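Me: I would like to learn how to read contacts in a protein structure, going slowly from one feature to the next. Could we work through an example together?

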Amino acid sequence: MVANMKRIFALYGISAKLDLLWFLRDTKNCVLNIMADLVSSLSTILAMFLLSQRFDSIGGMSSDHILFMLGFACLLDGLNLMFFTMNNVGYISRIIGRGQLDHKLIQPNPIWMQLLTDGFIPFSGSSTFLCGIGLIAFSSIKLNLNLNILDIGFLIFYLICSVIIIFSFSYIFSCIAFYAPVAGEEVSTAAVGLLDNLKGFPLGGIPYQLQIIFTTILPIGMTAWYPANLLLGNKLNFTNYLLIIVTLSLLLIATILFRKGLKHYATKGSIRYADRGHRR
Amino acid sequence: MQLKDQYVMQTVDIAVNIENVTKEFKQWQRGSDIKDIVTNLLKPKTKTVKALNDVSLKINKGEFVAYAGANGAGKSTTIKILSGIMHPSYGKVSVLGLNPKVSRIELMKRIGVVFGQRTELWWDHPISASFDWKRVAWNIDKDQFKKRLDKLIELLDLSAILDTFARELSLGQRMRADLALMLLHNPDVIFLDEPTLGLDVLAKRHMIDYLKKINQEDGVTIVVTSHDMDDLEEMAQRIILLSNGQIAFDGSFDSLREHTGNLCRIKIYTNNGHKHNLKTAKLIKSEKGFSEYQFDSQKNSIPSVLNELSNIDSIHDIEIYKAPIEQVIAELYTSWK
């Protein structure tokens, strides 16, 4: 356990170093990249922000509550960007489908450890996260929230749960790439895009049955709406443990499917073009 | 007790042990007629292809082995199985006494793999950054890493390209950098899948010289695949030839030549440029001023060929040499079809 933690921190360290070197070496392009990420992240939440300003309240949430929720969504985006975007770690279908798992299999570290650390870019990938902190702080002031250590602890915990949900959801669909590489890439990109584009949508105004679907099978509500409401102390029609239940369930399903897929990969190899008559 | 000791002795000396390994793949068989649409959709036909068919071999520590075969013979599949990327359908594999399927992580600390068509270098970073990454990923001691890196930089002539991005390197430079990256953790066994592919003469020369050096001086076990038989002959002491997933030949290059009939070639230069038909040798090429013949020295001895040639007055020069190994193997491949 201790040895694994040491390895993880060492690998985070080298990923961070490579990122810093890029920033120092190619500052102009790196800054442009940071700005592009920021604009892209803000654009996904801006529409909901403008609507909340126009109508003051949507789905049972005031505009300030929505701003807080969007801040949570922004933090979540930032974490994903910082930890899982680089080297396609969060889009594992691209690694699987293009036969790049071979590179991971010849390294003397467990695959899970490599996936956890290979995408870490704390310098070029922190803009959205910092923006999220700003939004959370600003909305907290507007809402007169006095966030204590416990609240911040819950905020971090819920963020970790939401990151795991997005990561697991992506991996569940990405595992299709083990069997149908091209289709797997397309499907998983669309699946991740679904969560990404709808994460800032307040689900309070939709029927209960749909809320259940959007918090479990298609966990859009678990990426911002549900955890933000828990933090704000708003009453929801669900158990307070739903976030943990969904997180653990999706993680379990993703782990089982990935392990099964990895076994298939070791048996069949990369089959990107096999279904079209090409060799491996 | 004695049996156990003997067993330990055997395993200690063996670097690679493959026992009755078979690797099967399924291939879709789809007809292109309209009537086949339903069959393709509901019950597509598949054909089982055996990339490796009951292959058994042992490679001792310190050996330099060429692993060759025509396209689709099963070379890359073997390398992938040995390095734990793929698992065999049947049979047992061990590398340095470890099962790649079970002990992948432990094994990766002790072996190195290079796929000539791929790179392990970080594409958008200078190669020095890739070396640094390797130190952390393989958890190599800092002092040992520095010593080894300095040695590799000198031997593989990398100093001029240390700060160059991997994507900006020529193929030869990239291969040298990939080789250095692979050797940084001081592996006991290395697998090279077509490392000389696409390299120019000088780059190839560098690579061959270096591989021979680490094999002879450091005792590193090397298994190399390539389609360039002349390169393989220069590097390796032993050649294993695969054909249709089975070992068709396993031995030295000399015994391969004997096995295929000790083919020799003779080139004669004449004053008039006429070509002559010989009883003891077969004419394979005739150009301005010279003719080239091939003969099997086991069937027709060199003196008998020379004796026949002595009847031709216009000869002013003769060259006799062994047929290129490429030729020997090409004839084998043809005979296997």
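Me: Which residues in H1(A) meet which residues in H2(A)?

Reply: Please keep in mind that this is a predicted model. In H1(A), the residues are Trp22(A), Phe23(A), Leu24(A) and Arg25(A), and they meet Thr27(A), Cys30(A), Val31(A), Asn33(A) and Ile34(A) of H2(A). Sorted by kind, the residues of this contact are six nonpolar, two polar and one charged.

Me: How are H1(A) and H2(A) oriented to each other, and why?

Reply: Helix H1, residues 2-25 of chain A, packs against helix H2, residues 27-55 of chain A, at an angle of about 110°, and their axes are 5 Å apart. Angles of 65 to 115 degrees count as roughly perpendicular, and therefore H1(A) and H2(A) are described as roughly perpendicular to each other.

Me: What area do chain B and chain A bury between them?

Reply: The size of an interface is often given as the accessible area lost when the parts come together. Here chain B and chain A bury about 2800 Å² between them, with 58% of it on carbon and sulfur atoms. Of the area that chain B buries against chain A, Ile85(B), Arg104(B) and Val136(B) supply 20%, which is more than any other three residues.

Me: How many salt bridges are found across the interface of chain B and chain A?

Reply: There are three salt bridges across this interface, and one of them joins the side chains of Lys80(B) and Asp102(A), at 3.6 Å from N to O. As for elements, H5(B) gives five residues to the side of chain B that touches chain A, the largest share.

Key
Residues are numbered from 1 along each chain as its sequence is written. Chains are lettered from A and ligands numbered from 1 in the order in which they are written. This is a predicted model: local features need pLDDT of at least 70, side-chain atom pairs count only at pLDDT 80 or more; totals for chains, interfaces and linings use all residues. Side-chain values use heavy atoms; hydrogens and water are left out. Buried area is the accessible area (1.4 Å probe) that two parts lose on being put together, summed over both. A salt bridge is a side-chain nitrogen of Lys or Arg within 4 Å of a carboxyl oxygen of Asp or Glu. Helices (H or I, at least four residues) and strands (E, at least two) are DSSP runs, numbered from the N terminus. Axes are lines fitted to C-alpha atoms, for helices over the stretch in contact, and angles run from 0 to 180 degrees between N-to-C directions. Angles under 35 degrees count as roughly parallel, over 145 as roughly antiparallel, 65 to 115 as roughly perpendicular and the rest as oblique. Contact means heavy atoms within 4.5 Å. Ala, Val, Leu, Ile, Met, Phe, Trp, Tyr, Cys and Pro count as nonpolar, Asp, Glu, Lys and Arg as charged, and the others, Gly among them, as polar.
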